[in-house]
Amino acid sequence: MSLLAVGTVAIDSIETPLGKAERVVGGAATYIAWAASYFTDQIRILSIIGEDFPQPELELLKSKGVDTEGIHLIKGGKSFFWSGRYSTDMNSRDTLETQLNVLADFAPDLPSAYKNSKYLMLGNLTPAVQMSVLNQMESRPDIIAMDTMNFWMDSAMGELLEVIKRVDILTINDEEARQLSGQQSLAKAARDILKMGPKYLIIKKGEHGALLFDNDQVFFAPALPLYDVFDPTGAGDTFAGGMMGYLSQKGELSFSNLKTAIIYGSAMASFCVEEFGINKLKELTDEEIKIRLKKFIDLVHFEL
Ligand code: AMP
């Protein structure tokens with residue numbers, strides 16, 4: 001079933017305690033599409049890039065069946081650029097630089113073939129762009145999920161709240177949930193954020209897993225303890241891609257399906273962090289994913 005992924009397609013420079021990667025391919029939509037490509041072959045990306053973006057990377061996505069018609073290439077422009085540095089335990093990071101570049105003037109024109117997408121993942125990028133995509137859809141997608149970050153809360157809170165009103169699932173990290181709600185307790189933050197519109201809220205807590213809330217239930221998905229975490233960049237987007245990939249197979253949005261979906265998302269994110277950038281996501285097999293999912297089941301299964 002068709003999944004539209006909206007978000008940055010970017011160039012990143014990353015520094016972690018285990019090394020550095022200069023000007024590698026990143027961006028929310030890139031991670032979402034790679035992760036989801038293991039679950040559905042009808043993925044469409046809407047984004048914008050400049051001439052500095054390596055074309056072979058787009059070809060690679062195409063070879064995985066991803067429709068890249070909606071990635072607008074701006075002649076003479078520079079791609080969105082982000083650089084960040086992770087703390088020693090890799091649980092937090094500082095953004096060193098965000099250059100919006102071609103994203104600054106992005107007024108997307110949704111290709112007509114995209115307008116009937118059944119599933120929509122509004123990945124991290126300008127809230128006005130997320131809104132414009134929602135407004136251009138021919139009919140409301142069956143499931144709309146959205147991710148965002150503190151950068152947009154600081155710079156475009158009003159527009160962000162308008163988008164949040166219209167989605168089914170919001171994914172943010174714990175710090176962002178506190179910023180958005182003004183609450184310290186994550187349970188209170190969830191209660192208040194659910195009043196803003198979404199039916200479900202997923203709060204990501206990095207190596208401490210993720211919490212799924214609706215108005216009366218909560219579920220916890222752990223993160224797998226890994227020997228080596230090389231680079232947490234994109235883990236949240238990969239999580240979203242795995243989650244939406246799974247949901248697009250199931251079709252129906254329910255708390256029960258979302259529980260499984262966030263385990264799929266966590267499994268995909270656990271691969272993502274094992275190498276720099278998108279490297280690990282490019283070479284997975286279905287068998288590896290199955291084995292990883294089994295590890296998640298074993299991690300939380302116990303008898304009374
Ligand atoms: P994550 O680690 O899941 O938060 O995602 C990291 C990716 O998000 C990187 O590849 C960046 O290119 C991209 N990114 C960083 N800042 C922003 C932003 N303000 N808006 C959209 N994408 C961003």
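Predicted model: local features only at pLDDT ≥ 70, side-chain atom pairs only at ≥ 80, totals over all residues.
Let me start with Asn173, whose bridge partner in strand S11 is Lys204. Strand S10, residues 169-173, is joined to S11, residues 200-204, by five bridges, and the two run parallel. When I say that two strands pair, I mean that DSSP finds at least two bridges between them, and the helices (H or I, at least four residues) and strands (E, at least two) are DSSP runs, numbered from the N terminus.

Residues are numbered from 1 along each chain as its sequence is written, and side-chain values use heavy atoms, with hydrogens and water left out.

S10 also pairs with strand S9, residues 143-147, in the parallel sense over three bridges, and there Met146 stands opposite Leu170. Together with helix H4, residues 150-164, S9 and S10 make a right-handed β-α-β unit; right-handed here says that, with the strands pointing away from the viewer, the path from the first strand over the helix to the second runs clockwise. Four of the five residues of S10 are buried, that is, under 20% relative accessible area with a 1.4 Å probe, protein chains only.

Now to strand S6, residues 81-86, which is largely enclosed by the rest of the structure because five of its six residues are buried. S6 is joined to S2 by five bridges, running parallel, with Ser13 opposite Ser83. With strand S7, residues 93-99, S6 pairs in the antiparallel sense over six bridges, and S6 and S7 form a hairpin with six residues between them, where Met90 in the turn has a positive phi of about 60 degrees.

Which residues come nearest to the ligand? Of the 20 residues around the ligand, these are Asp12, Gly27, Arg93, Gly234 and Asp237, where a residue counts as near if one of its heavy atoms lies within 4 Å. A polar side-chain atom of Asp12 lies 2.4 Å from an oxygen atom of the ligand, and a backbone N or O atom of Gly234 lies 2.7 Å from a ligand oxygen atom. The protein covers 95% of the 510 Å² of accessible area that the ligand has on its own, an area that comes from the Shrake-Rupley method with a 1.4 Å probe. Finally, the largest share of the shell around the ligand, three residues, comes from H7.

Methods. Buried < 20%, exposed > 50% of the residue type's maximum accessible area, 1.4 Å probe, protein only. Polar contact = N/O pair within 3.5 Å; in protein donor to acceptor, adjacent residues only side chain to side chain.
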